[in-house]
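Hi,

Here is the structure I promised to pass on. Have a look at it first, and then read my notes below.

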Amino acid sequence: MKLILLGAPGAGKGTQAEVICKHLSIPAISTGNIIRAALKAQTEMGLKAKEFIESGKLVPDDVVIGIIEERLREDDCNNGFILDGFPRTVPQAQALDQMGFEIDRVIDIEVSDEKIVQRMSGRRVCPGCGASYHLDYKPPKQAGICNVCGEALIRRRDDAPETVLERLKVYHSQTEPLIDYYRAKGKLRVVEGQEDIADTTALTLKALEDRA
Ligand code: AP5
């Protein structure tokens with residue numbers, strides 16, 4: 001299965017990608033995670049991406065397209081993959097088409113802007129292993145500490161309220177057109193991003209099985 005998860009920042013793409021990755025035993029590929037790892041390692045690409053990511057803007061298409069093509073050609077993607085955060089613009093979707101990967105399904109997780117703003121204020125992430133939590137909806141076992149590696153949790157810099165508003169603006173103008181792009185190809189399924197993570201998971205897994 002070659003799957004794309006669409007949705008606004010904070011809609012729950014990463015959360016659902018983690019579940020589907022285990023369910024289908026295929027890798028979940030997050031461009032956001034790849035860029036943040038490059039930023040942390042201070043690679044040339046990471047330094048180039050820094051100002052974009054921290055201000056809530058998109059990293060230029062040519063940078064992201066190169067990264068993703070290289071990643072999708074790795075052996076672990078032979079049986080499929082889940083794309084979380086790519087494509088994010090129509091030129092990125094067209095580039096993916098040209099790479100020759102036949103996408104089976106695109107799932108759009110829909111959540112209102114109001115809910116997103118509220119959700120992002122409660123997200124906490126682990127700077128060590130990248131695990132993601134929510135103060136109310138997915139709390140760690142011990143407050144402020146990562147379940148996986150024991151590091152102290154932090155708030156992502158781009159989860160600051162003013163940056164979240166900018167990311168939503170960018171999403172509506174540059175990424176939302178992809179909904180029609182994939183609807184026209186007959187690949188789109190829309191899932192309501194419920195307040196209960198498990199409910200969204202159930203809807204997402206159902207949308208994967210829906211062959212209609
Ligand atoms: P990226 O890391 O991809 O961020 P994003 O798309 O903005 O999405 P998030 O990771 O913030 O949210 P998510 O939808 O995964 O939600 P999550 O599951 O964490 O990208 C960051 C930046 O990198 C971009 O702004 C850009 O600069 C750059 N970039 C990345 N890809 C790019 C590309 N292709 N082109 C150009 N630039 C690119 O959930 C959010 C929170 O809500 C969590 O706390 C979670 O626990 C909670 N939650 C999840 N589901 C639910 C639910 N159902 N109910 C209640 N709470 C929930």
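Let's start with the cysteines: there are zero disulfides in the structure, where a disulfide is a pair of cysteine sulfur atoms within 2.5 Å. In case the word is new, a disulfide is a covalent bond between the sulfur atoms of two cysteines. Take Cys77: the closest cysteine sulfur, in Cys21, is 11 Å from its own sulfur, which is too far for a bond. Cys126 is in no disulfide either, and the nearest cysteine sulfur, in Cys149, is 3.4 Å away from it. Cys77 counts as buried at 4% relative accessibility, and Cys126 counts as buried at 3%. (Buried means under 20% relative accessible area, exposed over 50%, and partly exposed in between, with a 1.4 Å probe and protein chains only.)

Before you go further, keep in mind that this is a predicted model, in which local features need pLDDT of at least 70 and side-chain atom pairs count only at pLDDT 80 or more, while totals for chains, interfaces and linings use all residues. Residues are numbered from 1 along each chain as its sequence is written, and side-chain values use heavy atoms, with hydrogens and water left out.

Now the sheet. Five strands make an open sheet in the order 2-3-1-4-7, with parallel pairing. Helices (H or I, at least four residues) and strands (E, at least two) are DSSP runs, numbered from the N terminus, and two strands pair if DSSP finds at least two bridges between them. At the edges sit strand 2 (28-30) and strand 7 (188-192), each pairing on one side only. On average, neighbouring strands are turned by 25° against each other, direction ignored.

Strand 1 (residues 2-7) pairs with strand 3 (residues 81-84) in the parallel sense over four bridges, and Ile4 has Leu83 as its bridge partner in strand 3. Strand 1 also runs parallel to strand 4, joined to it by five bridges; here Gly7 is partnered by Ile109. Five of the six residues of strand 1 are buried, so this strand is largely enclosed by the rest of the structure. Helix 1 (residues 13-24) lies across strand 1, strand 2, strand 3 and strand 4 (105-110), and runs at about 160° to strand 1. For angles like this one, axes are lines fitted to C-alpha atoms, for helices over the stretch in contact, and angles run from 0 to 180 degrees between N-to-C directions.

Next, helices against helices. Two packed helices are described by the angle between their axes and the distance between the axes. Helix 5 (residues 90-99) packs with helix 8 (residues 177-184) at about 35°, and their axes are 9 Å apart. From helix 5, the contact (heavy atoms within 4.5 Å) uses Val90, Ala93, Gln94, Leu96 and Asp97, and from helix 8 it uses Pro177, Leu178, Tyr181 and Tyr182. Sorted by class, that makes seven nonpolar, one polar and one charged residues. The classes go like this: Ala, Val, Leu, Ile, Met, Phe, Trp, Tyr, Cys and Pro are nonpolar, Asp, Glu, Lys and Arg are charged, and the others, Gly among them, are polar.

Helix 8 also meets helix 7 (residues 161-175): their axes come within 5 Å and cross at roughly 35°. Tyr171, His172, Ser173, Gln174 and Thr175 of helix 7 touch Pro177, Leu178 and Ile179 of helix 8. This contact has four nonpolar, four polar and no charged residues.

What about the inside? The largest nonpolar core has 52 residues, and Leu72, Leu83, Leu96 and Tyr182 touch the most other members. A nonpolar core here is a set of buried Ala, Val, Leu, Ile, Met, Phe, Trp, Tyr and Cys residues joined through side-chain atoms within 4.5 Å. Helix 4 (residues 61-72) gives the largest share of this core, six residues. A second, separate core has five residues, including Cys126 and Tyr133.

Pro139 is in the loop between strand 6 (132-134) and helix 7, and is partly exposed at 48% relative accessible area. Residues up to four places away in sequence aside, Pro139 touches Tyr133 and His134. Thr163, by contrast, lies in helix 7 and is buried at 10%. Leaving aside neighbours within four places in sequence, Thr163 is in contact with Glu54, Ser55, Gly56, Arg157 and Asp158.

Cheers
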